[in-house]
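Hello, and welcome to this short briefing. Please have a look at the sequence and the structure below, and then we can go through some of the details together.

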Amino acid sequence: MTGEFATRWVRTVVPSWLYRWLLPVGWGAAVAVSIFTGEDIPCSVEDPAYCGPDPVFSAAFVACLASLLLLWWQPVVALTAGVVFMVLELRYDDFVEARIAWTVYGAACVALLCWMLAAGREQRSLVMRSQRRQVQVPAASAVGLTLRLGVAGALMLAGIAALLLMNWQDGREEAHLQRAVEQTAVVKAQGEEGEIILELPNGRTHTVTMFDDHETGAQIPVFVDLADAEWIRPVAEPADYTYWITAAGSAWLLAALLVLRDLKVRRARPRRSWLAQGLPVRVEPDTSEAFAVYSADGDVLLGFIELTPDDENAELELLKAFDALGEDEEEVPRRYRQELSAKLQKYRGDALLVGELAERAWPTILIGGHVFRPERSFRAPRQVLWWRELADGFDGPLSAQNLPPEPEIDPATELPVLPWEAPLEPRFWWSKPALIALVAGLPVAAAAFALWGDWFVAVCVLVLGTVLIHIAAFPVFFRVTATATHLWVRAGWFEQVVPWRAVVAIDLDEDRLNIETDNDWHVLKGIATGQVEQVTAIFEALRLRSATAAVEKERMRPAPALWLELGFLVVGTLILVGVGLA
């Protein structure tokens with residue numbers, strides 16, 4: 001696709017901020033209008049159905065939720081759901097303000113839906129008018145049972161279980177009502193969080209939650225089951241278990257979308273080879289683990305697509321490169337980054353796109369001798385009024401003359417007494433007292449909040465306290481120890497044990513050490529300033545001395561920080577359980 005056609009293609013794209021940001025605001029406004037406007041009609045003893053179960057609303061609420069939650073994942077489905085909910089709202093809602101609000105929202109959904117469909121048609125038309133080349137696309141390998149289908153099956157079963165549970169609850173409620181007698185209860189007192197305490201004629205009290213507010217002393221007709229002293233139901237407010245319809249409908253809708261996506265993945269991987277028309281484009285691996293697709297001249301960014309190569313070795317190579325190059329620069333050895341960047345050069349450059357080049361399309365891309373199949377649909381760059389998404393590609397490998405010179409590492413002639421702890425950057429004087437204060441004080445704070453009845457805050461103190469202890473424990477327990485046969489690195493939850501025999505090379509990179517082993521690499525930071533070269537020399541001497549040692553594998557073992565955090569969680573949980581049982 002040339003720059004001229006690519007520019008016209010980009011102009012057809014529907015700005016993503018309309019449905020990703022503006023439309024959710026409209027949804028929230030419509031919900032607010034539905035809740036806070038209109039006549040406040042109290043529940044009625046004469047017409048209990050007014051505050052009773054409403055299966056139609058529960059089913060329609062699935063469309064209402066889908067019209068918001070799917071805007072970031074499946075905007076076309078979300079817009080369709082918004083139109084469906086507008087129709088149901090106009091059919092069943094009697095409040096004028098709510099009908100107007102959802103009509104405006106539904107009209108916006110209709111406009112955006114039509115715009116998207118028209119944009120897709122125009123994008124396909126531009127591609128058809130672009131110059132293409134004939135190419136032979138090989139057959140794809142078979143797609144087996146995927147996690148998506150497993151999750152979809154589980155969601156289907158969950159929806160069935162929800163409806164069975166609702167049916168059981170309705171049956172139990174009906175049994176109570178058949179035995180129930182009507183009595184008049186008196187509001188004795190107001191409880192917490194909207195609860196009220198009712199007193200029956202026999203003097204017994206019940207705490208219930210009701211839709212309407214009732215003053216102390218008010219009389220409320222209730223049903224009482226004489227065979228079950230714990231059961232009571234206000235006459236004007238029948239039990240409503242239809243929320244399970246919403247749960248089941250949401251589960252089934254999500255299952256259907258997962259199955260549909262799985263079918264699209266399979267459709268993009270036909271089991272036969274075919275002769276197709278390929279559109280010349282330019283592709284480049286992006287730090288988002290997708291591929292950026294440009295016009296053939298590389299001037300216009302068309303969008304992004306997640307791809308998987310047919311070749312398993314290439315797939316593994318890409319996964320390793322994306323995983324490592326996506327880390328902070330200081331977390332990955334410089335030489336390793338350059339090596340991976342060089343490998344990515346095979347997957348960037350001129351390519352042929354087979355299939356549709358349109359938003360939500362599933363094209364195949366051929367670059368060099370590799371065939372890439374889509375894992376997700378193609379999407380245009382996201383944008384708001386003041387910003388447009390750009391590609392963030394990986395830097396290419398530096399040429400030999402541009403690489404900074406590698407410092408020469410001479411092994412130390414004299415070794416310290418082993419085992420030897422490498423000198424580390426000094427930690428703050430208050431690190432250990434702060435850790436002790438957190439471990440001792442946070443369980444007490446959680447217990448205090450639990451005694452005051454603020455259980456949510458108590459649990460949050462326990463959970464967030466674990467995070468704080470993890471942060472505080474890192475500098476306290478961090479150690480780098482060298483023995484004659486192993487390097488021990490204690491950082492965080494685990495202690496890494498690296499045999500010197502498994503170390504391939506040690507690279508000095510400014511203020512950190514890069515230790516390359518047979519199957520991995522380790523970046524050591526925190527060595528004392530000014531002593532990094534000395535530590536490197538000692539490590540190099542120990543590595544060379546172990547050349548004839550027996551081959552061992554790297555291993556990990558739990559560090560003190562892990563046991564401390566687990567102990568904190570166990571003790572804190574036992575304290576909260578004790579407070580709850582007291």
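Let's begin with Arg 360, which counts as partly exposed because its relative accessible area is 29%. Please keep in mind throughout that this is a predicted model. The points below cover backbone geometry, domains, salt bridges and surface patches.

**Backbone geometry**

- Most peptide bonds are trans, and most residues other than glycine have a negative phi.
- Arg 360 is not a glycine, yet its phi is positive, at about 70°.
- You will find Arg 360 in the loop that runs between β11 (349-354) and β12 (364-367).
- Leu 418 and Pro 419 are joined by a cis peptide bond, with omega at about -5°.
- Pro 419 also sits in a loop, here between β15 (387-388) and β16 (420-421).

**Domains**

- The domain assignment divides the protein into domain 1 (3-131), domain 2 (151-243), domain 3 (270-388) and domain 4 (420-581).
- Between the C-alpha centres of domain 2 and domain 3 there is a distance of 57 Å.

**Salt bridges**

- Side chains of opposite charge can pair when their charged atoms come close.
- With a cut-off of 4 Å between a side-chain nitrogen of Lys or Arg and a carboxyl oxygen of Asp or Glu, the count comes to 16 salt bridges.
- Asp 225 pairs with Arg 179, and their closest N and O atoms are 2.7 Å apart.
- Asp 310 and Arg 373 form another salt bridge, with 2.9 Å between the closest N and O atoms. Asp 310 is in the loop between β10 (307-309) and α8 (312-325), while Arg 373 is in strand β13 (residues 370-374), so the pair ties together parts that are 63 residues apart in sequence.
- Within this pair, Arg 373 counts as buried because its relative accessibility is 1%, and Asp 310 counts as partly exposed at 33%.
- Arg 129 and Glu 122 meet through their side chains in a salt bridge of 3.6 Å, N to O. Arg 129 is partly exposed, at 43% relative accessible area, and Glu 122 is partly exposed too, at 32%.
- Arg 148, Asp 262 and Arg 266 are linked with one another in a network of salt bridges.

**Surface patches**

- Which residues form the nonpolar patch on the surface? They are Met 156, Leu 157, Ile 160, Leu 164 and Trp 252, and together they have about 490 Å² of accessible area.
- Helix α6 gives the most to this nonpolar patch, with 4 residues.
- Leu 157 is found in helix α6, and Leu 157 counts as exposed because its relative accessible area is 59%, where the cut-off for exposed is over 50%.
- There is a negative surface patch as well, formed by Asp 54, Asp 170, Glu 174 and Asp 240.
- Where does Asp 240 lie? Its place is the loop between β6 (232-234) and α7 (243-267), and Asp 240 is partly exposed, with 32% relative accessibility.

Notes: Residues numbered from 1 in each chain as written. Predicted model: local features only at pLDDT ≥ 70, side-chain atom pairs only at ≥ 80, totals over all residues. Heavy atoms only, no water. Patch = residues over 30% accessible without salt bridge, like charges linked within 9 Å, V, L, I, M, F, W, Y side chains within 5 Å. Areas by Shrake-Rupley, 256 points an atom, 1.4 Å probe, with all protein chains shown as cover. Lys, Arg positive; Asp, Glu negative; His and termini not counted. Charge placed at Lys NZ, Arg CZ, Asp CG, Glu CD. Helix = DSSP H or I, 4+ residues; strand = E, 2+ residues; numbered from the N terminus. Buried < 20%, exposed > 50% of the residue type's maximum accessible area, 1.4 Å probe, protein only. Domains from an automatic or database assignment.
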